Every structure is written in structure tokens, then in C-alpha cells.
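Please read it alongside the structure shown below.

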Amino acid sequence: MALARDPGVGQEQRDAADQNFDYMFKVLIIGNSSVGKTSFLFRYADDSFTSAFVSTVGIDFKVKTIYRNDKRVKLQIWDTAGQERYRTITTAYYRGAMGFLLMYDITSQESFCAVQDWATQIKTYSWDSAQVVLVGNKLDLEDDRQVPKEDAQRVATELGFQFFEASAKDNINVKQVFDKLVDLICEKMNESVNGETSQSVNQKADTLKDKPVTSQGGCAC
């Protein structure tokens, strides 16, 4: 008897191989370990969630093609390890990234306090015009909240970032976060009057050919 093929895997393979797109954006999800970066990515790319936690090793990625503002946008979304020992590996992938989701856990003050350090890394290692959205994940754990929404909004405003609270588990604001990041990247491109940004997009697309250091699992919080 023939085994049924996983339609999700087939779609992901087709997305990765598909060359019919208007733009290709490299996006990174960064933040402390266990804030739910992998869960967030899997919810967005596969509409799946698991409560099992396996820390991401190095860096992994998924490809998803979306339609935004009458354009077909291919997203290569990189899921980075949050542990300090992987920092040298992960910061190497900041180069060429058009956007970042900087994530913290609303139930972890420590992960929120690290936002400033992560923001500094973005400024140090990434393209100057990279767009950033600050995401407070695990909104489903409201009763365990340690980070007031007002504090996070203030920090986001000071850093010049857009801000969302979200939940990968309950699928709250996951699509909205990615849609907003794509819109910000497109707006930044349109602001360029001399074509420099558009040229950069083509140059950065070449960096997507780099082979990732794949993980043996994913962190799911």
C-alpha cells in the first residue's frame, strides 16, 4: 500500500524551488533561547504548534511565498539559536537580512531585558535599512505576565521598532506580524529615490544561496 505524502512538506519544497516571485526577502527571528522563535515560525509557515521544547542548534530556515500589495513575495525565514555559544554563527547570517523579528517572552523579564542587546547586534551586523518588529510572544500566558505591555511599547518606540504582542500557541497576531514586516520592507524600498535599495535587494538575494547550519530539532515553547 502506498504511503500518503505529507502535503505540507510538498508545498514547502515547491515554495523553495519556485522562481516565480517579484521580491525575495531574507528575514531573521532573533531573541533569547526559549522565547518561542521556532514555534512562531512553524505556526506561520506550517500552521502547526507543539508544546515540546527542543533548543534550536545553530540556525535553520523555512521558505514561504505570500501575496502582499499585488506582489508575490518569497520569504526565506531564518530561525536562530538564542544561546550565547551560537552567537558567532547566527550573527554571520545577519548580513543581507531585510527584516528582523526581535522576540521576547512576556512571562520572562530576563528575555525582555535582553532586547537592547539584540537591537545592538542588529545595528552592528545587519544592513542599515533592515526593518525590525519587536514581538512579545506567549500572550496565551497572560496570567504569568512579567513584562507590562506599556514597557515594551515604550522600548519599541525608543528603538524605532513596530511592536506586537502575539501567541504562537493560540495563533494570535502571527500572520499580522509577518505581514507588517513585509510591508515595512516594501515601504523602505519605495522610499529609495536613487534605486540603491533595489540594487541592494538583488545583491542580498545572492546571500540566500548560503547553506544553513541545520538543526536536529526546533525549540517549541
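**Strand E5 and its partners**

Leu134 has Phe163 as its bridge partner in E6. The model is a predicted one. Strand E6 covers residues 162-165 and pairs with E5 in the parallel sense over four bridges.

- E4 and E5 also run parallel, and seven bridges join them.
- Tyr104 has its bridge partner in E5, namely Gly136.
- Seven of the seven residues of E5 are buried, so the strand is largely enclosed by the rest of the structure.
- Both faces of E5 are covered. One side carries Gln131, Val133, Val135 and Asn137, the other Val132, Leu134 and Gly136, and all of these are buried.

**Nonpolar cores**

- The largest nonpolar core consists of 29 residues. Phe25, Phe40, Leu75, Leu101, Val133 and Val135 have the most contacts inside it.
- At least two residues of this core come from each of strand E1 (23-31), H2, strand E3 (71-80), strand E4 (99-105), strand E5 (131-137) and H7.
- With nine residues, H7 gives the most to this core.
- A second, separate core has 25 residues, among them Tyr93, Ala97, Val155 and Ala156.
- When neighbours within four places in sequence are left aside, Phe25 is in contact with Val73, Lys74, Leu75, Gln76, Met98, Val182, Ile185, Cys186 and Met189.

**Contact of H2 with H7**

- Helix H2 spans residues 37-46 and helix H7 residues 174-191; their axes come within 9 Å and cross at roughly 85°.
- Because angles of 65 to 115 degrees count as roughly perpendicular, H2 is roughly perpendicular to H7.
- On the H2 side, Phe40, Arg43 and Tyr44 make the contact; on the H7 side, Val174, Lys175, Val177 and Phe178 do.
- Five of the residues in the contact of H2 with H7 are nonpolar, none is polar and two are charged.
- Phe40 belongs to this contact and is also listed among the residues with the most contacts inside the largest nonpolar core.

**Thr120**

- Thr120 lies in helix H5, which runs over residues 115-125.
- Is Thr120 buried, exposed or partly exposed? Its relative accessible area is 46%. Buried means under 20% and exposed over 50%, with partly exposed in between, so Thr120 is partly exposed.
- In sequence, Thr120 and Leu159 are 39 residues apart; in space, their C-alpha atoms are 9.9 Å apart.

Key:
Residues are numbered from 1 along each chain as its sequence is written. This is a predicted model: local features need pLDDT of at least 70, side-chain atom pairs count only at pLDDT 80 or more; totals for chains, interfaces and linings use all residues. Side-chain values use heavy atoms; hydrogens and water are left out. Axes are lines fitted to C-alpha atoms, for helices over the stretch in contact, and angles run from 0 to 180 degrees between N-to-C directions. Angles under 35 degrees count as roughly parallel, over 145 as roughly antiparallel, 65 to 115 as roughly perpendicular and the rest as oblique. Contact means heavy atoms within 4.5 Å. Ala, Val, Leu, Ile, Met, Phe, Trp, Tyr, Cys and Pro count as nonpolar, Asp, Glu, Lys and Arg as charged, and the others, Gly among them, as polar. A nonpolar core is a set of buried Ala, Val, Leu, Ile, Met, Phe, Trp, Tyr and Cys residues joined through side-chain atoms within 4.5 Å. Buried means under 20% relative accessible area, exposed over 50%, partly exposed in between (1.4 Å probe, protein chains only). Two strands pair if DSSP finds at least two bridges between them.
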